[in-house]
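Thanks, everyone. Let me put the structure up, and I'll walk through a few strands and then the core.

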Amino acid sequence: MPPPARVTLLAGAIAVMTALAGCASSADGARPAAGPRLSGRRDERTVVRSLRDVYEPYFAIGAAVEPQTLVTHHEILTRHMASLTAENHMKLHMVRPFRGTTSYAGADAIVSFAEEHGMQVRGHTLLWHEAAPDWFFEDDSGRPAAAGTVRERLREHIAAIVARYRGRVYAWDVVNEAVSDSSGTGILRETRWLETLGPSYLADAFHAAHEADPDALLFYNDYSLVEPGKRARTVELLRGLIADGVPVHGVGMQGHWTMTWPPVDLIDQAISAYSELGLRVEITELDVSFYDWNDHSTRFDSFTPGMDEALARRYGEIFAVLREHADAIDAVTFWGAADDVSWLNYIPVRGRPNYPLLFDRDHQPKAAFFAVTVF
Ligand code: GLA
């Protein structure tokens with residue numbers, strides 16, 4: 001699971017991914033798929049059905065994108081996705097990199113593309129400790145800004161971006177990763193937001209978003225939300241917010257999972273736990289890494305037929321659970337369109353190939369695609 005330090009590398013990774021994203025070919029419609037496939041029901045596993053259509057009765061299928069992905073992965077997106085998330089371009093450090101500067105071009109491009117192609121858009125994310133530029137917390141002379149100043153900047157930022165996309169972005173990840181990874185330090189992660197504003201920053205953020213677009217669904221988003229300890233802390237946090245009348249409508253379970261973690265019964269239990277609070281659930285950042293988070297080896301240096309089959313089994317069991325919870329789940333978003341643009345090729349080990357998505361580096365469907373679309 002991603003530890004707190006991981007996104008010190010994020011800015012570099014974004015730059016590398018931006019540079020590399022332009023070179024792959026595109027996937028096509030219903031044509032025979034090359035490569036090894038799961039045994040059984042072989043015929044059906046050669047027909048590439050639209051993910052979006054297959055899952056229409058269950059939940060919206062989406063992908064996280066950078067603006068350039070709209071071009072490089074056009075076919076995958078337009079044929080298979082019902083929803084888009086801006087991978088980075090709606091984050092605070094991208095929209096307001098410097099004092100007095102706003103940059104919405106990337107986010108605008110993603111929202112327009114989605115509209116052109118009949119897709120919905122998730123907004124990601126209004127407040128995250130790893131997307132918090134220094135200037136936001138400093139006064140004019142570079143000293144720590146007063147809490148009131150930071151609170152007002154945050155309110156202004158949320159009001160502006162949510163209003164800009166009002167009626168076009170159906171859901172926002174209002175707060176990202178606020179819950180602590182260990183029980184020893186209380187419910188909330190120690191961040192600049194907490195340190196500067198105290199625990200009320202969560203309620204403030206949700207209220208500001210709700211005011212700017214009363215129709216948008218507002219989510220709390222985090223990783224490891226299936227892990228029982230973190231699940232309990234998150235449920236406690238959400239219960240408190242709901243009891244205080246804070247407009248929180250859903251839980252985004254990121255879903256940066258691996259071949260071995262989590263067991264599907266934990267996924268099942270977590271979805272039930274959050275929906276029992278009366279909240280909608282989305283899987284917001286789905287990918288399946290071949291490496292556990294602390295494994296910095298390069299032992300999976302190429303994608304073998306055996307790995308293709310193993311990933312297919314893993315995705316098959318995950319989607320079986322997700323389909324069982326279709327009543328609670330509104331959308332399942334992959335963190336990337338195809339393996340060539342996954343953050344997992346750069347983090348935590350720069351340049352190490354990973355194979356976490358349904359489409360390979362040539363944008364062809366993998367066995368996992370068929371495990372998810374033929375059931
Ligand atoms: C977190 C964030 C995402 C993305 C990933 C990968 O999960 O929510 O926006 O940055 O980390 O870096």
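Strand β2 (residues 83-86) and strand β3 (residues 120-128) run parallel, joined by three bridges. Strands here are DSSP runs of E, at least two residues, and helices are runs of H or I, at least four, numbered from the N terminus. Two strands pair if DSSP finds at least two bridges between them. This is a predicted model: local features need pLDDT of at least 70, side-chain atom pairs count only at pLDDT 80 or more, and totals for chains, interfaces and linings use all residues. Residues are numbered from 1 along each chain as its sequence is written.

Back to the bridges. Thr85 stands opposite Arg122 in β3. On the other pairing, β1 and β2 are parallel over four bridges. Gly62 sits in β1 (residues 60-65), and its bridge partner in β2 is Ser83.

Is Gly62 buried or exposed? Buried, because 29 other C-beta atoms lie within 10 Å. The cut-offs: 20 or more is buried, 12 or fewer exposed, in between partly exposed, with C-beta atoms placed from the backbone. Both faces of β2 are covered too: Ser83 and Thr85 are buried on one side, Leu84 and Ala86 on the other.

Now the core. A nonpolar core is a set of buried Ala, Val, Leu, Ile, Met, Phe, Trp, Tyr and Cys residues joined through C-beta atoms within 7 Å. The largest has 104 residues; Trp172, Val174, Ala205 and Ala209 touch the most other members. Helix α9 (residues 201-212) gives the most, seven residues.
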